[in-house]
Amino acid sequence: MEVARYRPGEDAEPVFQAYDVPLMDDWAVLDGLTHIKDRLDGSLSFRWSCRMGVCGSCGMTVNGEARLTCGTFLTEYAPGPVRIEPLKGFPVIRDLVVDIDDFLAKLSSVRPWLVREGEEPPLTAEYAQTPEQLEAYKQYSMCINCLLCYSACPVYVLDPDFLGPAAIALAQRYNLDSRDMDDRFDVLNLEDAVWGCTFVGECTKVCPKHVDPAEAIQRYKVSAALRSVLPWSRR
Ligand code: SF4
Ligand code: FES
């Protein structure tokens with residue numbers, strides 16, 4: 001494996017370090033990195049938690065593509081080498097660990113919670129919902145905040161102010177929820193939000209949870225256009 005090593009403030013630039021890792025049929029790229037850390041070089045830094053595609057913390061660039069390293073098998077790259085870099089588009093904290101504060105601020109800005117007129121969070125009442133109402137937003141609720149979509153998005157890489165795929169998809173997760181009373185028009189109907197998307201569709205291609213953020217963005221563009229002509233139309 002060829003792994004990017006970088007300590008900002010100490011190193012002039014990232015360098016690749018090569019490690020011999022056994023090619024095991026059941027090893028994911030994350031297992032290879034763990035082997036390096038446990039057996040070869042304990043100074044290597046990377047993030048992970050669940051090892052099962054749920055926590056979203058192990059996203060990295062694998063041979064140029066944004067991937068979850070716990071769900072990407074080494075055999076896919078046999079006989080190697082496979083090159084591991086941090087997610088593109090984010091500042092590097094150390095080695096393969098990136099700074100996601102920008103995303104967290106963007107996510108907060110779309111009010112990713114149920115907004116109810118006249119009720120303040122935390123909400124305590126129960127609101128019944130039919131299976132069909134759940135289905136309306138369920139796909140967008142599958143997002144695990146892995147940020148592969150940001151790393152693959154050519155708009156975000158060029159314009160860091162772009163709200164980005166996951167934050168918009170998660171805004172739609174609430175907009176399409178029958179219990180929610182907001183439409184987040186003030187934060188979504190902007191040049192740096194849905195109107196910044198050029199519909200390249202790379203976000204949807206790399207998404208490991210089939211959230212389809214590109215579709216979420218296009219759907220909101222239709223809602224926003226309708227709301228501009230029919231101000232009482234909110235979804
Ligand atoms: S939309 Fe998909 S790729 Fe983007 S953060 Fe969510 S799960 Fe990851
Ligand atoms: S370690 Fe949790 S998604 Fe990969």
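Me: How far apart do the C-alpha centres of domain 1 and domain 2 lie?
Reply: This is a predicted model. The domain assignment of the protein gives domain 1 as 2–98 and domain 2 as 101–229. Between the C-alpha centres of these two domains the distance is 29 Å.

Me: Which element gives the largest share of the side of domain 1 that touches domain 2?
Reply: On this side, 13 residues of domain 1 are in contact with 12 residues of domain 2. Two elements of domain 1 give two or more residues to that side, namely β3 (59–62) and β4. The largest share, 3 residues, comes from β4.

Me: By class, how many residues on the side of domain 1 that touches domain 2 are nonpolar, polar and charged?
Reply: The side in question belongs to the 13 residues of domain 1 in contact with domain 2. By class, these divide into 5 nonpolar, 6 polar and 2 charged residues.

Me: In which sense do β1 and β5 pair, and which residue in β5 does E2 stand opposite?
Reply: Strands of a sheet pair through backbone hydrogen bonds, either parallel or antiparallel. For β1 (residues 2–5) and β5 (residues 83–85), the pairing runs over 2 bridges in the parallel sense.

Me: Which element gives the most to the shell around ligand 1?
Reply: The shell holds 15 residues, and the closest are C143, C146, C149, A166 and C207. Two helices, α4 (148–152) and α6 (165–175), each supply at least two residues. With 3 residues, the one that gives the most is α6.

Me: What classes of residue make up the shell around ligand 1?
Reply: In total, 15 residues surround the ligand. By class, the shell has 1 charged, 1 polar and 13 nonpolar residues.

Me: What percentage of the residues of the protein count as buried?
Reply: The protein contains 9 helices and 7 strands, and its C-alpha atoms fill a box of roughly 60 × 35 × 30 Å along the principal axes. Among contacts between residues at least 6 apart in sequence, 65% join residues at least 24 apart. Of the 235 residues, the buried share is 35%.

Terms used
Residues are numbered from 1 along each chain as its sequence is written. Chains are lettered from A and ligands numbered from 1 in the order in which they are written. This is a predicted model: local features need pLDDT of at least 70, side-chain atom pairs count only at pLDDT 80 or more; totals for chains, interfaces and linings use all residues. Helices (H or I, at least four residues) and strands (E, at least two) are DSSP runs, numbered from the N terminus. A residue is buried if 20 or more other C-beta atoms lie within 10 Å of its own, exposed if 12 or fewer, and partly exposed in between; C-beta atoms are placed from the backbone. Two residues are in contact if their C-beta atoms, placed from the backbone, lie within 7 Å. A residue is near a molecule or strand if its C-beta atom, placed from the backbone, lies within 6 Å of it. Ala, Val, Leu, Ile, Met, Phe, Trp, Tyr, Cys and Pro count as nonpolar, Asp, Glu, Lys and Arg as charged, and the others, Gly among them, as polar. Two strands pair if DSSP finds at least two bridges between them. Domain bounds come from an automatic or database domain assignment.
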